[in-house]
Amino acid sequence: MPDNKKLSMRVGVIRRISLLLSIVTVFSAMQIAHATDYRSRTEYQKADDTRNVLVLNSSHRGYGWTDSIMEGVETVVQAAPENIELWVEYLDASRLKSASFASQLQLLYQSKYENVKFDVVIASDRKALEFLLNNRQTIADGVPVVFSDVGSLGSKLAEGHPDFIGVSQSGDFVATMDVAFTLHPDIEHMVFVSPGLRSRHLIESMVADYRPELELSIWHYESLAEIERALSLLPRNAVLIPVGEPVTAGGVAMPMNKFVSWIAGRTDAPIYAVWDFTLGHGIVGGFLVSGFTQGETIAQTALKILRGESMDEISVTNSSPSRFMFDYEQLERFAVDTRLLPANSVIINEPTSLYAEHKPAVWLALATIASLFMVILILGINVRRRKRAEGSLRTNQERFRDFAESAADWFWEADSDARFTYISSRSQEVLGVPVDELVGLTIEEVFSDGEQHDDVSTQKNPRISQSGSFQLQSFWRRPDGMRRVIITSGKPIRDLSDQLLGYRGTSRDISDSYSLTEELGYQASHDTLTNLLNRRAFEQRLQTLLSRIKEFPGEHALCYLDLDQFKVVNDTCGHVAGDELLRRLAKTLQNQVRKRDTVARLGGDEFGVLLEDCPPERAWQLVSSLHKCINDFQFIWNDQSFHVGASIGLVPINSSETTLDELLAAADRACYVAKDQGRNRVYLYRSDDVAVANNHGEILWVSRIQRALDENRVVICLQPIRPVIPDASMGDNYEVLVRLIDEKGALISPSAFLPAAERYNLSTALDRRVLDEGLRHFTSDQGRLEGLSTAFINLSAQTFGNRSFLDYVLEKTHFYNMPPEKLCFEISERTALSRLEDAKDFVDELRKIGCRFALDDFGRGTYSFRYLKELHVDFVKIDGSFVRNMLKDPMDLVMVRSINEIARLSNAATVAEYVETADILAKLAELGIDYAQGYAVGRPMPIAKQAA
């Protein structure tokens with residue numbers, strides 16, 4: 001019989017024996033486990049009946065994250081001894097935006113589970129939790145709720161609701177960014193693809209101070225077409241991190257795993273993520289949070305409740321385990337060195353080795369061979385032990401000598417007076433002095449050069465301990481003048497009678513790391529462009545001053561400076577010119593202040609100046625001089641000359657009761673008042689100043705507006721616009737208006753909050769809400785839509801020129817199936833004045849799909865007729881200040897007549913605003929005005945009452 005055939009037969013016999021033993025072992029274990037499981041289930045069912053658990057998922061079956069969570073929940077429930085029946089529902093998250101759909105879904109579940117008593121309800125994600133919070137009384141009133149949320153918002157949503165507990169987990173973006181940077185050390189750009197504003201704000205807060213050498217970008221595109229265009233322009237050495245799901249043209253969210261595959265097919269850049277269900281779809285890997293683990297966690301929490309544990313004793317779980325996971329195929333694609341992977345990393349798609357296929361047989365064979373070798377080794381141990389003992393001393397001596405001569409550190413010994421008796425040769429390379437010249441000197445004589453004197457003799461320096469280890473840092477000046485930083489560690493040596501024999505230790509050159517630490521410390525506290533202090537260092541210095549005032553009262557001042565015309569330089573000559581202007585201006589400011597004063601760049605074109613020991617009168621003189629210096633500053637770039645002014649807020653500091661935040665807020669408000677009063681001036685802050693108080697009031701409105709948006713306290717009202725001469729054949733016309741409901745339920749007039757919204761960039765969010773709610777109202781009833789002629793919608797100046805809002809209009813008209821020709825967007829004269837070119841482009845783009853436009857508040861400005869000629873609007877809304885008094889003031893009457901005649905020449909219809917009496921309405925008919933709007937025609941009414 002051939003040898004290879006014999007070998008095959010022997011391996012086969014070994015495999016059969018191993019397989020038989022495994023089967024017997026597994027079968028025995030299964031019998032024991034079955035008996036134990038049956039006994040525990042029987043004992044528990046004697047005490048309790050079937051338990052009903054309702055599981056609400058916001059996404060559909062087949063969606064990666066939802067399926068992963070459900071797998072974790074079902075794994076725990078199936079292994080539990082209790083008799084548990086799961087009732088699982090999949091909500092359609094994209095359709096939950098419709099109030100009518102959510103209401104119908106609530107009625108369906110109320111009817112479906114009318115006779116089912118639930119013991120626990122599980123909300124697997126945020127949308128499901130929100131739906132449950134809105135409908136808990138009708139679906140599962142009083143039933144304990146266990147929630148899960150990837151966005152870290154679940155615990156916030158559940159605040160104030162009894163019997164709510166769960167797990168809140170965010171992806172660890174920083175850990176994923178760290179591992180991407182490690183595996184791709186040449187990357188220069190890290191790009192987050194964030195279709196949602198919520199994800200954008202979360203990312204900004206987490207990566208605000210991450211690796212200044214990297215260029216961090218956050219793409220906020222709301223369509224796949226925009227993302228694809230951006231991918232085509234992606235720079236080299238970039239890494240992508242998708243963090244949100246885009247909405248397709250049909251208004252449906254694309255699942256994250258499909259979105260990742262979509263990106264991977266359109267770029268050669270490596271992709272990283274924080275969710276494990278994206279693994280295998282194109283990402284290299286990352287520090288991945290597991291939906292399966294999160295599902296297990298909430299299911300185990302539900303079991304605790306079913307078993308009678310009090311919810312007060314069960315805390316919200318703020319994290320569930322994440323793991324480093326990678327795709328072998330992607331690691332190969334990008335030539336990643338797998339030795340750089342974190343310890344215990346999981347790798348999928350790794351090729352199976354021959355060893356893995358035959359592992360049991362290999363181990364059995366190795367065990368047999370090892371046994372044979374063990375016998376041989378035991379026989380040879382005695383012989384080799386004698387030879388080892390003979391060479392042990394010689395080897396140890398050689399080893400110590402090799403270590404001492406080749407190590408980066410150098411070794412030394414000293415006597416009881418701290419005088420060197422031995423120093424290894426490595427010291428000569430670092431210190432530049434032969435070893436023979438060092439032996440016999442004390443540690444004090446070697447490591448003190450006058451620059452930083454460390455008394456290190458046993459008599460003078462207490463850091464050299466005679467009872468324990470010690471460490472000290474010293475400076476050494478080489479003969480060639482180079483300074484080296486040395487760190488020395490040592491310990492005392494004693495004999496059996498505890499008498500001090502001397503010292504032994506090592507020394508190391510840490511000059512490079514010391515210099516790097518100094519450089520990093522400088523970079524951490526200074527602005528890289530101007531070399532001035534940065535905001536963090538400036539605030540630390542300001543906080544130190546406030547702390548000092550408590551012990552040493554004095555008068556100081558804080559100056560907040562914002563350049564007025566800096567954007568002109570950037571827009572005209574580019575950012576390189578803007579950076580050069582900031583550098584030159586920073587030097588000018590630094591030279592203008594006193595030596596004890598502090599100048600810092602706080603960000604962008606904003607600077608701070610701290611004037612120490614400076615009374616208010618002197619501070620005003622210094623800041624006025626500083627302001628004049630900025631006004632006189634001339635910046636020349638490519639034969640172009642620029643002057644930049646500055647709005648400056650000046651705040652006196654004379655009280656230890658003032659906090660850092662209060663002081664910075666006061667300076668910021670004073671600067672804003674300077675801008676409101678015409679820019680390029682200095683404004684002195686006073687605590688009882690009305691102008692500052694008004695500005696502060698606007699700032700407070702920002703949070704109130706944002707809360708109203710988040711809490712759905714935005715009310716949409718409709719005011720009718722009717723023909724001056726009644727015409728039954730014409731449809732209905734309405735202007736869509738916005739109101740807010742305050743915390744006590746009262747309506748707030750737009751004049752109270754719109755100025756703050758426009759100043760602090762919240763008006764576009766209000767415009768989007770008005771458009772969305774208005775379209776939903778008009779299209780929710782077919783008869784109402786057919787009877788509508790025109791819906792007039794006001795848009796703010798911020799919205800014009802906003803490309804994303806154009807896409808939003810296209811998306812929403814398609815989603816609600818709203819005819820674009822029934823929409824008329826109103827442009828105020830003030831908006832046209834500030835952004836005429838943007839307004840023209842905006843009008844042209846939306847006209848292409850059929851939308852119409854109106855020029856609002858016409859006649860108020862001096863360029864009204866110019867705008868009418870250039871914008872080609874469909875309606876002219878005559879400013880109400882003329883209409884209201886036209887029966888009393890002949891000049892107002894002439895203005896109304898003239899505007900109507902000019903509008904006729906432009907083929908635009910006219911709408912008179914503020915029509916408050918029947919007499920005015922009759923006069924408008926005589927003048928030939930087309931439409932009227934005002935209390936004489938109809939008052940604004942919330943759409944809820946309109947629908948009723």
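Two strands are taken to pair if DSSP finds at least two bridges between them, helices (H or I, at least four residues) and strands (E, at least two) being DSSP runs numbered from the N terminus. The model is predicted, so that local features need pLDDT of at least 70 and side-chain atom pairs count only at pLDDT 80 or more, while totals for chains, interfaces and linings use all residues. Residues are numbered from 1 along each chain as its sequence is written, and side-chain values use heavy atoms, with hydrogens and water left out.

Strand β6 (residues 189-193) pairs with β7 in the parallel sense over five bridges, and Phe192 has Ile218 of β7 as its bridge partner. These strands belong to an open sheet of three strands, with parallel pairing and the order β7-β6-β8. Because β7 (215-219) and β8 (238-242) stand at the edges, each with a single partner strand, one side of each is left without a neighbour in the sheet. Helix α6 (residues 173-183) lies across β6, β7 and β8 and runs at about 140° to β6, where axes are lines fitted to C-alpha atoms, for helices over the stretch in contact (heavy atoms within 4.5 Å), and angles run from 0 to 180 degrees between N-to-C directions.

In helix α21, the residues Ala619, Leu622, Val623, Leu626, His627, Cys629 and Ile630 are buried, that is, under 20% relative accessible area, with exposed meaning over 50% and partly exposed in between (1.4 Å probe, protein chains only). The face of α21 turned away from this buried side carries the exposed residues Glu617 and Lys628. Among the elements that cover the buried residues of α21 are α20 (575-592) and β19 (606-611).
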